[in-house]
Amino acid sequence: MAEKHKPAPMVEEVSEFEVLEIAVRELAIEKGLFTAEDHQRWTEYMHTLGPLPAARLVAKAWLDPEFKKLAVEDGVKASLEVGIDWVNSMPTHFGTPSDYCNLRVLEDTPKLKHVVVCTLCSCYPRPILGQSPEWYRTPNYRRRLVRWPRQVLAEFGLQLPDDVEVRVEDSNQKSRFIVLPVRPEGTEGWSEDQLAEIVTRDCLIGVATPKPGKTANDPRPVRPAVNPYHH
Amino acid sequence: MSSSVRHKVMKHLEIVKQLQPSLHYETHAPAPDQIDNEHYRAYTRMSHDVGGEPDVPITWEEKEEEVWEHNTFVTCEVLAWRGVWNAEERRRRQNVDVGQTQYLGLPYYGRWLLTAARILVDKQYITVTELSDKIDEVRKRYE
C-alpha cells in the first residue's frame, strides 16, 4: 500500500546521453579546458545564427549585378556585406574552429539547378545559414542525392524538367556552399526585404526554389525531442 | 558519371555490402594472395563514405533538438576553440574511429558525445576512473 503513496519521480529516467553530456562538460570545465562562460558565449553565438544572412545575400545579388558577380567570385567577401565575417568571426576571432572559411555561391540558371550535400559527414555553411536540418545529416540523403538527385528533389516537391541539368555539389571540410536560385517571376519591383523573405533555407540548400508568397520551408513532420532545447 | 566508372562503383559497393556478414568465408587474416585489390579497397573503405550507396526513400523530417544535443555541439566547438582538438582529428574520430556499427547505429550527436569523452581520456586530460566516477555522480542527481 505504501508503494501507492510514493511521490512520482521528479524526472523520467535520464538517458545515458544526458548523463554523459553533463559529465563531459563538467569535467572539461573542472580541468580548465574551457570555462562555463566559454560554453555560454558559444550558446549565445548559436542563437545569432540562421538563414537570414544567406537569404539577404541572394536578394542583394538579384538586385545588384555587380554584387552578384562578387558573390559568385568571392563568397567570403560578399558575406561581409550581409554582416558575416568568415575569417574573424565571433566568438573565437579566428573564424570557426571547424576550420573552414571558404564559401562558394552556386548560381542557378533556367537550365541549371544546384543542390548541396555532404556525403562524408554533414558539412554546412553554419555561419551564414545556421544549423543544418536533420534530414540533411541523414545517411539516406547523403547516399541517394549524389546518385538519384532528380528523384530525391522530387521527394522534396521539386520536379525538374529533363532539359534542366542538375548539379550536386559535395561539401567538404574546407569549402561550404549556398545556392543562388533564379529570381522567380512575379517579383518585379520588389525590395531587398521582400525578396529575402522568399529565399528559404531549403532554397539555399537547393531542394526548393523561391516562389512569391512562399516564405517558409515546405511543412514536414517534426520529430519531437524528449527534453527539447528552447532556442 | 561515365558508364565504366559507374560499373566500378557498383562493383565496389557490391563487395562492400558483403563484408560484414562474411563470417562463412575463409577470410580471417588471409594470406596476401587471398586478397585482390578490389577486396583491399573494400576493406579499407571508410564507413562514413556513403555517397552513392543504395537506399530507399524515407520521410524527410525536421527535428526538435534535445538539450544534450545542443550542449554536445557547443562542447565540441568550444573544445576546438580552446585547442583540445582540431577539425581533422574531430572528423576522423567522429566518422571513422567509431566504427561502422556505432556510426550507423547511434544518433548524430551521440557519436559527437562519445568522441568528446574519448578525446579527454586519450589526451590524458582525465582518467577513465574520473570519467566513470563523474558519470555515477551525475546519475545519482537524477535518482
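**Notes on a two-chain predicted model**

1. Let's start with chain B, whose secondary structure amounts to seven helices and one strand. Helices here are DSSP runs of H or I with at least four residues, strands are E runs of at least two, and numbering goes from the N terminus. Along the sequence, the order is α-α-β-α-α-α-α-α. A word on the ground rules: this is a predicted model, where local features need pLDDT of at least 70 and side-chain atom pairs count only at pLDDT 80 or more, while totals for chains, interfaces and linings use all residues. Residues are numbered from 1 along each chain as its sequence is written, with chains lettered from A and ligands numbered from 1 in the order in which they are written.

2. How spread out is chain B? Its radius of gyration is 20 Å, well over the 15 Å that the globule rule gives for 143 residues, so chain B is more spread out than a compact globule. (That radius is taken over C-alpha atoms, and the rule is 2.2 Å times the number of residues to the power 0.38.) The C-alpha trace spans about 55 × 40 × 35 Å along its principal axes.

3. Of chain B's 143 residues, 26% count as buried. Buried means 20 or more other C-beta atoms within 10 Å of the residue's own, exposed means 12 or fewer, and partly exposed is in between, with C-beta atoms placed from the backbone. Take Lys11(B), in helix H1 (residues 3-19): it has 13 C-beta neighbours inside 10 Å and so counts as partly exposed. Lys11(B) and Glu38(B) sit 27 residues apart in sequence, with 8.7 Å between their C-alpha atoms.

4. Now for the interface: 52 residues of chain B are in contact with 54 residues of chain A, where contact means C-beta atoms, placed from the backbone, within 7 Å. Which element of chain B gives the most to this side? H3(B) does, with 13 residues. The side of chain B that touches chain A divides into 25 nonpolar, eleven polar and 16 charged residues. (Nonpolar covers Ala, Val, Leu, Ile, Met, Phe, Trp, Tyr, Cys and Pro; charged covers Asp, Glu, Lys and Arg; the others, Gly among them, are polar.)

5. At least two DSSP bridges are needed for strands to pair. Here Arg223(A) has Lys63(B) as its bridge partner.

6. Over in chain A, five of the six residues of strand E4 (residues 175-180) are buried, so E4(A) is largely enclosed by the rest of the structure. Six bridges link E4(A) to strand E1 (residues 102-107) of chain A, in parallel, with Asn102(A) opposite Ser175(A).

7. Finally, the cores. A nonpolar core is a set of buried Ala, Val, Leu, Ile, Met, Phe, Trp, Tyr and Cys residues joined through C-beta atoms within 7 Å. The largest has 43 residues, and those with the most contacts inside it include Ile178(A) and Val179(A). Helix H3 (residues 52-63) of chain A supplies the largest share, seven residues. Apart from that core lies another, of 30 residues, with Ile22(A), Trp68(B), Phe73(B) and Ile126(B) among them.

Key. Two residues are in contact if their C-beta atoms, placed from the backbone, lie within 7 Å.
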